[in-house]
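Student: Could we go through this structure together, asking for each label what it rests on?

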Amino acid sequence: MPGTVLLIAASPTGRSCLVDAASVLPVLAAVAPSVLSGTDTANVVELADPLQPQAVLTRLRAAATAPGPLTVFLTGQLQLDRRQRRPHLALARTTPATVRYTGFPWHWIREELRLRAPGSTTLLVDLHTDAETWQQLAGQPLTGGPGVALYGRVAPPPPRRAMAVPTYMKSLATILRSGHRPPLADLHQQALTRSYGEEPDSARRDLVLAVEPRYRAGVPMPGPATAHGYAAAPAAAPAPMPYLAAVPMPATPPVAVPVPVPVPVPVPARVDPHAEITAAVQSGRHAEAAVLAERWERTALRTYGPGADEVVHWMEVRADLAMFAGDAELSCRIWLAVADARLTAGQPPDAAGVEAAVDRAHHQWGRIGDSTRARELGPALAGLRGRVPGRRQGALDDIRRNLSRLRTQV
């Protein structure tokens with residue numbers, strides 16, 4: 001199956017720029033697509049110094065829904081928005097004062113990748129930050145979402161009046177230009193070694209990212225909470241074998257002791273619900289995918305109880321499945337329930353997961369073709385939007401205006 005490769009190089013213009021992100025694209029473009037992806041064939045999409053967050057979102061969403069492995073090479077700089085202090089990828093028009101509206105929120109990356117089959121997505125990053133963002137990320141490391149492998153480095157701000165160079169990504173591209181793609185962990189380590197040879201001080205300063213997801217019987221294990229699902233966590237190192245000291249034993253005649261031969265017990269096949277659901281959707285079996293997601297939601301409900309992160313995760317999966325099936329009304333209802341569950345659990349109205357749920361409910365509400373059903377859901381959405389205004393200016397006024405229009409159609 002062909003793979004998909006997304007090359008993103010983004011940085012602001014003017015004095016806010018910390019890294020020459022676009023300089024890495026010619027080096028990456030010289031690598032064969034199959035080597036970039038690790039598959040026999042691959043489609044490569046390139047984004048150089050994008051201007052609008054929606055342009056990045058459109059390309060990322062298209063790549064995330066493509067079948068086969070996905071590899072994202074991301075070079076640029078991160079900045080915090082001043083209101084919610086969330087990391088954003090700074091785009092060409094981003095300034096410290098406009099990050100919230102002109103940058104690309106990092107949690108959108110997790111949002112778009114969360115439904116992909118575990119093990120099918122790799123995120124390779126070379127990111128630079130300002131001092132404020134660097135300090136926050138030192139205590140709150142980046143994650144790519146459930147099932148996403150994340151490798152790379154986050155670098156502190158360069159010296160004043162200096163422009164940083166994405167040496168990690170350039171080193172990675174140089175290694176791949178040989179035509180050989182080593183295993184990800186080896187590729188990452190080789191790129192680090194090469195880049196530290198060019199920038200020795202980076203070895204002491206950089207935040208190194210080597211994050212692999214954890215799974216138990218194919219289900220994401222609860223790790224640190226994120227906007228959606230679970231944070232990918234580094235694979236646990238194998239426990240060291242206990243040291244066995246040689247203890248002298250008294251000489252005794254050997255005694256034959258019958259040893260029962262254990263009967264091999266068949267190990268059940270590892271179940272990957274996300275991969276199974278994704279395959280069903282890609283084959284057009286939307287009803288089957290919905291049944292699978294409902295089954296996993298019930299299992300999570302019995303295991304963890306109402307409102308648990310595991311339950312909310314499967315609610316979100318069902319909401320997306322309804323959207324893929326073209327059932328905007330059901331998708332809207334589930335997203336409303338997700339937002340209510342998160343708020344009931346104590347999450348603040350400006351939490352990423354809460355805002356995303358309300359935004360998606362609002363979006364799906366606008367796609368409901370039956371005016372009667374839309375009128376039924378309108379008051380609930382308006383009430384929720386009053387509590388969760390989100391990033392979109394005038395969102396509540398938009399609901400009220402459309403609700404008034406729907407009522408005149410009675």
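Student: Why is Cys 332 called buried?

Tutor: Cys 332 has a relative accessibility of 0%, and buried means under 20%, so Cys 332 counts as buried. Please keep in mind that this is a predicted model.

Student: What makes Cys 17 buried?

Tutor: The relative accessible area of Cys 17 is 14%, which is set against the cut-off of under 20%, and therefore Cys 17 is buried. As for disulfides, the structure holds 0 of them, a disulfide being a covalent bond between the sulfur atoms of two cysteines.

Student: How do you know whether Trp 314 is buried or exposed?

Tutor: Trp 314, which has its place in helix H12, has 3% relative accessibility, and because buried means under 20%, Trp 314 counts as buried. Leaving aside its neighbours within four places in sequence, Trp 314 is in contact with several residues, including Pro 273, His 274 and Trp 296.

Student: Why do Glu 329 and Arg 373 count as a salt bridge?

Tutor: The closest N and O atoms of Glu 329 and Arg 373 are 2.7 Å apart, and a salt bridge needs a side-chain nitrogen of Lys or Arg within 4 Å of a carboxyl oxygen of Asp or Glu, so the pair of Glu 329 and Arg 373 qualifies. This pair links distant parts of the chain, with Glu 329 in helix H13 and Arg 373 in helix H15, 44 residues apart.

Student: Which labels do Glu 329 and Arg 373 receive for accessibility?

Tutor: Glu 329, with a relative accessible area of 16%, is buried, because the cut-off is under 20%. Arg 373 has 37% and is therefore partly exposed, as that label lies between buried, under 20%, and exposed, over 50%.

Student: What makes Glu 355 and Arg 86 a salt bridge?

Tutor: Their closest N and O atoms are 3.4 Å apart, which is set against the limit of 4 Å, so Glu 355 and Arg 86 form a salt bridge.

Student: How many salt bridges does a search of the whole structure find?

Tutor: The search finds 21 salt bridges. Among the residues linked in a network of salt bridges are Arg 61, Arg 114 and Asp 320.

How values were computed. Residues numbered from 1 in each chain as written. Predicted model: local features only at pLDDT ≥ 70, side-chain atom pairs only at ≥ 80, totals over all residues. Heavy atoms only, no water. Helix = DSSP H or I, 4+ residues; strand = E, 2+ residues; numbered from the N terminus. Buried < 20%, exposed > 50% of the residue type's maximum accessible area, 1.4 Å probe, protein only. Contact = heavy atoms within 4.5 Å. Disulfide = S-S within 2.5 Å.
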